[in-house]
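Please find below a colleague's note on the model under review. It is arranged as numbered points for reading beside the structure.

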Amino acid sequence: MKTIIYIDFNNTIEDIYLKRRGYKYFNAISRLANLCQDNLEIYVITKANVSLEEDVSNFLFMCPDYQRTFYKGIIKNGGAELTFIEHKDGKFTFSKPMNLGGKTKLDGVELSRKIIDKDNSASLYLFIGDDKDDDLPM
């Protein structure tokens with residue numbers, strides 16, 4: 001069962017990373033990965049127009065090794081850009097940003113879906129956030 005997760009960065013991943021509260025999150029991702037037989041893709045999303053690559057890199061180094069490869073991309077500026085995370089030989093790099101043209105997180109989800117799940121093979125989409133106004137519309 002292919003599963004795609006969109007997870008907010010600000011105050012969601014940030015709390016896991018900065019406040020070292022990851023044990024529950026990593027446990028949940030591990031259980032979900034087992035249920036979907038490791039066919040899991042995670043995309044970090046933010047409405048901010050900032051460079052997240054360094055912060056996401058630091059977060060990935062904090063993740064359990066086997067979970068790092070689940071993180072496939074970053075959607076920035078409310079859906080304006082998609083940057084893929086490329087994994088090879090235990091290391092990761094970031095692709096050149098791709099212009100999506102969105103203005104909101106909902107735009108980011110809808111526009112990126114056409115690229116990351118163009119054959120509609122995902123059985124489940126999960127959206128993780130902390131703000132009902134910013135994250136619920138995803």
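1. The model is predicted. The chain holds five helices and seven strands. Their order along the sequence is β-α-α-β-α-α-β-β-β-β-α-β.

2. Overall dimensions. The chain has a radius of gyration of 14 Å, which agrees with the value near 14 Å for a compact globule of 138 residues. The C-alpha trace spans about 35 × 35 × 30 Å along its principal axes.

3. Burial and contacts. Of the 138 residues, 45% count as buried. When contacts between residues at least 6 apart in sequence are considered, 66% of them join residues at least 24 apart.

4. The largest nonpolar core. This core contains 25 residues, and those with the most contacts inside it are Y25, L40, I42, V44, F59, L60 and Y71. Two or more residues are given to this core by each of β1 (2–8), α1 (9–18), α2 (22–35), β2 (40–45), α3 and β3 (71–76). The largest share, five residues, is supplied by α2.

5. I42 and its partners. Which residues does I42 contact, leaving aside its neighbours within four places in sequence? The partners of I42 are I5, I7, Y25, I29, F70, Y71, K72 and G73. Among these partners, Y25 and Y71 are listed with I42 itself as residues with the most contacts inside the largest core.

6. L60 is placed in helix α3 (residues 53–62). Is L60 buried or exposed? The relative accessible area of L60 is 0%, and a residue counts as buried under 20%, so L60 is buried. Leaving aside its neighbours within four places in sequence, L60 is in contact with R68, Y71, I85 and F92. Of these, F92 is 32 residues from L60 in sequence, while the C-alpha to C-alpha separation of the pair is 9.2 Å. Y71 is a contact of L60 and also a contact of I42.

Conventions: Residues are numbered from 1 along each chain as its sequence is written. This is a predicted model: local features need pLDDT of at least 70, side-chain atom pairs count only at pLDDT 80 or more; totals for chains, interfaces and linings use all residues. Side-chain values use heavy atoms; hydrogens and water are left out. Helices (H or I, at least four residues) and strands (E, at least two) are DSSP runs, numbered from the N terminus. The radius of gyration is taken over C-alpha atoms; the globule rule is 2.2 Å times the number of residues to the power 0.38. Buried means under 20% relative accessible area, exposed over 50%, partly exposed in between (1.4 Å probe, protein chains only). Contact means heavy atoms within 4.5 Å. A nonpolar core is a set of buried Ala, Val, Leu, Ile, Met, Phe, Trp, Tyr and Cys residues joined through side-chain atoms within 4.5 Å.
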